[in-house]
Each structure stands twice: as structure tokens, then as C-alpha cells.
Amino acid sequence: MKFLVGSLLLCAVLHLSQSFCYKKQLEMTPDGKPPPYCVDTDDGTKHAFGSKWRNSHCMDCTCGGCCTAYSTPRQFPPDCMMEFDKENCKYNVFKKNDRTKSCPVLAAVGK
């Protein structure tokens with residue numbers, strides 16, 4: 001019974017932690033052409049139409065939408081922990097008692 005309850009709880013919250021993408025509707029100019037640039041909705045930066053960029057929220061974007069730029073570790077040894085490195089847009093997994101020792105990631109979601 002405990003296994004069933006645990007499994008149902010895991011299924012209920014797992015979708016909240018997975019990577020994601022979203023689409024943006026492109027607004028055409030009055031003459032029906034694409035705009036010369038688009039604006040990143042997360043950080044307000046302007047980008048040339050047709051370009052690709054990584055925004056300040058670690059999302060890989062185009063004018064048509066964005067997707068997370070990283071994988072999220074889901075399984076690693078119990079004596080390890082994970083920490084998000086926003087500068088490099090990735091999770092680091094390391095020993096709890098020694099941050100200089102990396103740990104293997106056994107399962108991850110995203111990217």
C-alpha cells in the first residue's frame with residue numbers, strides 16, 4: 001500500500017519538475033511580413049528575426065518559442081546533492097560532504 005501511495009504521489013508531482021517548451025505567436029507587420037526583430041518575453045531583449053539565443057532564464061529561444069536549455073537530474077547516489085549553476089545553465093551533482101567530487105547522474109529529464 002505504501003508503494004502505491006508513493007507511486008501516485010510521484011506521478012502527481014513529476015510533471016512539475018520536467019523540462020518544458022512554449023510557443024509564441026508571431027505577430028506580422030501590417031503588410032504581412034515578419035517583424036525585423038522579436039522581443040524575448042522573459043527578459044525583454046530584442047533579437048533579429050530568424051536568430052537563436054539563450055536568455056537569462058536558461059531557455060534556448062527563437063522568435064517562435066523557447067525550451068529549457070538543460071537537463072534536470074532525477075536519480076543520483078544518496079550521498080550526493082544537486083545545485084543549479086545559472087551562469088552555465090546546468091545542474092552540478094556532487095558529494096554532500098565534498099563539493100569538489102562529482103557524482104554520476106543515473107537518470108535525468110529534459111534537453
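Colleague: Where does methionine 28 lie?
Modeller: Methionine 28 lies in the loop between S1 and strand S2 (37-39). Strands here are DSSP runs of E with at least two residues, and helices are runs of H or I with at least four, numbered from the N terminus. This is a predicted model, where local features need pLDDT of at least 70 and side-chain atom pairs count only at pLDDT 80 or more, while totals for chains, interfaces and linings use all residues. Residues are numbered from 1 along each chain as its sequence is written, and side-chain values use heavy atoms, leaving out hydrogens and water.

Colleague: Why does methionine 28 count as partly exposed?
Modeller: Because its relative accessibility is 48%. Buried means under 20% relative accessible area, exposed means over 50%, and partly exposed is in between, with a 1.4 Å probe and protein chains only.

Colleague: Which residues form the nonpolar patch on the surface?
Modeller: Leu26, Met28 and Phe49, with about 260 Å² of accessible area together. Areas come from the Shrake-Rupley method with a 1.4 Å probe, and for residues only the protein chains shown count as cover. Patch residues have over 30% relative accessible area and no salt bridge; nonpolar side chains (Val, Leu, Ile, Met, Phe, Trp, Tyr) are joined within 5 Å, like charges within 9 Å. A salt bridge is a side-chain nitrogen of Lys or Arg within 4 Å of a carboxyl oxygen of Asp or Glu.

Colleague: New topic. In what order do the four strands of the open sheet come?
Modeller: The order is S1-S6-S5-S4, with antiparallel pairing. The edge strands, S1 (21-23) and S4 (53-54), each pair on one side only. Two strands pair if DSSP finds at least two bridges between them.

Colleague: How many bridges are there between S5 and S6?
Modeller: Four, between residues 59-62 and residues 65-68. Threonine 62, for one, has glycine 65 in S6 as its bridge partner. S5 and S6 form a hairpin with two residues between them.

Colleague: And how many join S4 to S5?
Modeller: Two bridges. Arginine 54 has aspartate 60 in S5 as its bridge partner. That hairpin has four residues between the strands, and cysteine 58 takes a positive phi near 60° there.

Colleague: How many helices and strands are in the protein?
Modeller: One helix and eleven strands. Of the 111 residues, 23% count as buried.
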